[in-house]
Amino acid sequence: MLERKPLKDRTEVTFVLPADIPPGPVSVVGDFNDWQPGIHTLAPRKDGTRAVTVALPGKGEHSFRYLAVGDYWFNEESADGHDGVNSRVLT
């Protein structure tokens, strides 16, 4: 799930997953962090989910995927779109 908070010059996008599906650490990797795993790792929240918030610049469109243990890449089902392999988020 994606949560958005529009601000003056950027949009804060929170990437949210269930606490244990898939198990183990998961990071969101995309064009906004040069596709580097581990920079934006999801952390547990009080509501039983895990999440990470990323500030994305102004109006735009960004590609991303999730990366879990065992080199398991997967997409966000509720993304704004998909460009073949990647999920897309609009800001």
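Predicted model: local features only at pLDDT ≥ 70, side-chain atom pairs only at ≥ 80, totals over all residues.
Which residues are linked with Arg 45 in a network of salt bridges?

**Entry 1: the network.** I found Glu 3, Arg 45 and Asp 47 linked in a network of salt bridges. I then looked up the contact between Arg 45 and Asp 47, whose side chains meet at 3.5 Å, N to O. For accessibility, I noted Arg 45 as partly exposed, with a relative accessible area of 28%.

**Entry 2: Arg 10 and Glu 12.** Next I turned to Glu 12, which forms a salt bridge with Arg 10. I recorded 3.9 Å between the closest N and O atoms, and the pair counts because the limit is within 4 Å. Glu 12 is partly exposed at 22% relative accessibility. Arg 10 is also partly exposed, and I wrote down 32% for its relative accessible area.

Entry 3: Is Arg 88 buried or exposed? I have Arg 88 down as buried, at 16% relative accessibility, because buried means under 20%. Arg 88 pairs with Asp 83 in a salt bridge, and the closest N and O atoms lie 3.7 Å apart.

**Entry 4: the tally.** Last, I checked how many salt bridges the structure holds, and the count is seven. Among them are the bridges of Arg 45 with Asp 47, Glu 12 with Arg 10, and Asp 83 with Arg 88.

Key:
Residues numbered from 1 in each chain as written. Heavy atoms only, no water. Buried < 20%, exposed > 50% of the residue type's maximum accessible area, 1.4 Å probe, protein only.
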